[in-house]
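This report covers the strand pairing, the chain layout, some backbone details and the ligand site of one protein. The sequence and the structure come next.

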Amino acid sequence: MKKIEEEMKKVEGLALVGELAAGVAHEIRNPLASISGSIEMLKEMNGNKEFSSRLMDIIIAEVERLNQLVNDFLLFARPKRANYVEIDLSELISETLELFKNSPYWSHKIELKTHLAAPLPIYSDPEQLKQVIWNLLLNACQEIDGGGTLEVSTRIEEAMDNSVPNALIQIRDSGNGFPEENLPKIFTPFFTTKEDGSGLGLAIAKRIVDGLGGSITAENHPQGGAMITILLPYHPHQ
Ligand SMILES: Nc1ncnc2c1ncn2[C@@H]1O[C@H](COP(=O)(O)OP(=O)(O)OP(=O)(O)O)[C@@H](O)[C@H]1O
Ligand SMILES: [Mg+2]
């Protein structure tokens, strides 16, 4: 029985590798086609400086996209070992929000509401958590960049079964939420509904949160919009 189980795991693993490889191949093909198309055109054009400079911009942007894809993929496929230190989760979220508000992804049409329990000391990896929060903020803001509300909350969540409490992070936006049929797929690598998305943001987030001993779930809020909930082990001291 044990042997069969092990064999099954191997085959499942291979199937997953196959799916991932297919995903990477698919993602790489579009920018490559666009790069070779642009170079083809550059070759045929003599002189028109404005047009050739536009083509070269396309090539640079597509190379950048490939680079980002490879970075994201490695982050997913080979997550770094967690580096645990004592941190204040609410402070870490405030810092990440500050960074995000100064990034090109922020829009002044977004209204930010925060409900941060302070202090919220936990023992975790701050760099990995920042990456998770960033990916979630990015998704939320892509949903509502034409205007809407972004709500970020933290609190201590007592466990129902008398076990240790959790530190909770919730990120909610006032966008369209997830179509029900997509909910089972959104954490799968390369699942995307965006034209220029790679579908790795949530897969990376889940990989990291699982690795930190937590859980991440997605749902539609009863009053509309997407809501992501992360639970992390709450132990203020090791
Ligand atoms: N806040 C949200 N509201 C509505 N749909 C969302 C939200 N966040 C994620 N999704 C859905 O889940 C899909 C997967 O999200 P994920 O972050 O993994 O990939 P992506 O945003 O499409 O691409 P990437 O993050 O790699 O640029 C999205 O394409 C979108 O359909
Ligand atoms: Mg994303």
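Leu112 has Leu150 of β4 as its bridge partner. This pair belongs to the pairing of β2 with strand β4, residues 148-157, in which the two strands run parallel and are joined by seven bridges. The model is a predicted one. On β4, a further pairing is made with β5, this time in the antiparallel sense and over eight bridges. Within that pairing, Thr154 stands opposite Ile169 of β5.

A third pairing is found further along the chain. Strand β6 (residues 215-220) and strand β7 (residues 226-233) run antiparallel, with six bridges between them. Ser215 is paired there with Leu231 in β7.

| Strands | Sense | Bridges |
|---|---|---|
| β2 and β4 | parallel | seven bridges |
| β4 and β5 | antiparallel | eight bridges |
| β6 and β7 | antiparallel | six bridges |

As for the overall layout, the protein chain contains five helices and seven strands. Read from the N terminus, the order of these elements is α-α-β-α-β-β-α-β-β-α-β-β. Along the principal axes, the C-alpha atoms of the protein chain fill a box of roughly 75 × 55 × 35 Å.

The peptide bond between Ala118 and Pro119 is cis, with omega at about -10 degrees. Pro119 is located in the loop that lies between β2 (110-116) and β3 (121-124). The other case is Phe190, which is not a glycine and yet has a positive phi of about 75 degrees. Phe190 is placed in the loop between β5 (166-173) and α5.

The ligand site remains. Which pocket does ligand 1 take up? The space of ligand 1 is the largest pocket. Around ligand 1 there are 18 residues, and the closest are Asp173, Thr192, Thr193, Lys194 and Ser198. By class, this shell consists of seven nonpolar, eight polar and three charged residues. Two helices, α4 (126-144) and α5 (201-211), each supply at least two residues of the shell. The greatest contribution comes from α4, which gives three residues.

Oxygen atoms of ligand 1 take part in several polar contacts. In the side chain of Thr192, an N or O atom is 2.5 Å from an oxygen atom of ligand 1. Thr193 likewise has a polar side-chain atom 2.5 Å from an oxygen atom of ligand 1. With Leu202 the contact is through the backbone, where an N or O atom lies 2.8 Å from an oxygen atom of ligand 1. Of the 600 Å² of accessible area that ligand 1 has on its own, the protein covers 91%.

Note on methods:
Residues are numbered from 1 along each chain as its sequence is written. Chains are lettered from A and ligands numbered from 1 in the order in which they are written. This is a predicted model: local features need pLDDT of at least 70, side-chain atom pairs count only at pLDDT 80 or more; totals for chains, interfaces and linings use all residues. Side-chain values use heavy atoms; hydrogens and water are left out. A residue is near a molecule or strand if one of its heavy atoms lies within 4 Å of it. A polar contact is a pair of N or O atoms within 3.5 Å; within protein, one must be able to donate a hydrogen and the other to accept it, and residues adjacent in sequence count only if both atoms are side-chain atoms. Accessible areas come from the Shrake-Rupley method with a 1.4 Å probe; for residues, only the protein chains shown count as cover. On a 1 Å grid over the protein atoms alone, a cavity is a set of points where a 1.4 Å probe fits but cannot get out, and a pocket is an open set with protein on both sides within 12 Å along at least five of seven lines; lining residues have an atom within 4 Å of a point. A molecule sits in a cavity or pocket if more than half of its atoms lie within 2 Å of its grid points. Helices (H or I, at least four residues) and strands (E, at least two) are DSSP runs, numbered from the N terminus. Ala, Val, Leu, Ile, Met, Phe, Trp, Tyr, Cys and Pro count as nonpolar, Asp, Glu, Lys and Arg as charged, and the others, Gly among them, as polar. Two strands pair if DSSP finds at least two bridges between them.
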